[in-house]
Structures are given as C-alpha cells and as structure tokens.
Amino acid sequence: MSQVRRQATLRPRPSWGWQDAAACRGEDLVLFFGPDGERQPEREIRERKAKEICSQCPVRTDCLDYAISRPEKYGTWGGLNEDERASERRRRMRRANAA
C-alpha cells in the first residue's frame, strides 16, 4: 500500500485534553464499563449511576463525540450506553447524508 493511501485511511489522533475536566475522572471504571457476567438489573442500576455523573460533566459532548467517532463499542460515554450510542451514530449519519 502506498504511503499516501495508508495515511488517508488512518483516523486522526484523538485529542485527550477534554478528559482532564471530565466528571468521571478518578471514578471506578467498573461504574462505566461493568463487570463480566453482569445481570440486567445490576446493569441498569450501574448505568443510571454512571449517567448521573455524565449529566453533570462539563465535557459530556466531547466525550460522546469521541466515542461516536471511534466508535467505542463498550461502556457509558457521554451519558449514553452502547445501544444508545449506536442509535445516535445512525441519527448523525442520516443527518449528514441529508445535508
């Protein structure tokens, strides 16, 4: 593969500066990603707690944009879980295609 083509297919390096101001900084990662074998009732409680933190976060939009652009497959990012981010990604793609 030529150098030019390889560069064109690489995603830009993410800017991580927004994470310094994240409300979740210092929180237990299990709150946002969940343990293996987690049952649905526990997942709902955990996600609700994670989303509470996200709702007060000053960089929530940056976090969500990052997760959607990568795309991050797991965890709570920007206040949305995996399924919610997939829906948001589709919504953004439809909007971009309509423009």
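**Entry 1**

I started with glutamate 82, which counts as buried at 19% relative accessibility. The cut-off for buried is under 20%, so I noted the value alongside the label. This is a predicted model, and I read everything below with that in mind.

Next I looked up the partner of the Glu82 side chain. Glutamate 82 and arginine 43 meet in a salt bridge, 2.6 Å from N to O. Glutamate 82 sits in helix H5 (residues 82-98) and arginine 43 in helix H3, so this pair ties together parts that are 39 residues apart in sequence. Arginine 43 has 25% relative accessibility, so I put it down as partly exposed.

**Entry 1**

How many salt bridges does a search of the whole structure find? I got eight.

One of them joins arginine 92 to aspartate 65, with the closest N and O atoms 2.9 Å apart. I placed arginine 92 in helix H5 and aspartate 65 in helix H4; they are 27 residues apart, and the pair links distant parts of the chain. Are these two buried or partly exposed? Arginine 92 is partly exposed with a relative accessible area of 24%, and aspartate 65 is partly exposed with 31%. I then followed the shared partners: salt bridges join Asp65, Glu88, Arg91 and Arg92 into one network.

**Entry 2: the annotated cysteines**

UniProt, in an unreviewed entry, puts the feature "binding site" at Cys24, Cys54, Cys57 and Cys63. They are spread over 40 residues of sequence, yet they cluster in space, with a largest C-alpha distance of 10.7 Å. I also compared them with the largest pocket, and its lining includes Cys24, Cys54, Cys57 and Cys63.

- Cysteine 54 lies in helix H3 (residues 40-55). It is buried, with a relative accessible area of 8%. Leaving out residues up to four places away in sequence, I found cysteine 54 touching Phe32, Arg60, Thr76, Gly78 and Gly79.
- Cysteine 63 is in helix H4 (residues 60-69). It is buried as well, with a relative accessible area of 12%.

**Entry 3: the largest pocket**

Last, I went through the pocket itself. About 330 Å³ of space lies in the largest pocket. Which residues of its lining lie nearest the centre? I noted Gln19, Ala22, Cys24, Cys63 and Trp77, out of a lining of 19 residues.

I then sorted the lining by class: 13 nonpolar, three polar and three charged residues.

Technical notes: Residues numbered from 1 in each chain as written. Predicted model: local features only at pLDDT ≥ 70, side-chain atom pairs only at ≥ 80, totals over all residues. Heavy atoms only, no water. UniProt positions renumbered as here; feature names shortened; annotations may be inferred. 1 Å grid on protein atoms, 1.4 Å probe; cavity = no way out; pocket = protein on both sides within 12 Å on 5 of 7 lines; lining within 4 Å. Helix = DSSP H or I, 4+ residues; strand = E, 2+ residues; numbered from the N terminus. Buried < 20%, exposed > 50% of the residue type's maximum accessible area, 1.4 Å probe, protein only. Contact = heavy atoms within 4.5 Å. Salt bridge = Lys/Arg side-chain N within 4 Å of Asp/Glu carboxyl O. Points joined across faces, edges and corners; volume = space filled by probe spheres on them. Nonpolar A, V, L, I, M, F, W, Y, C, P; charged D, E, K, R; others polar.
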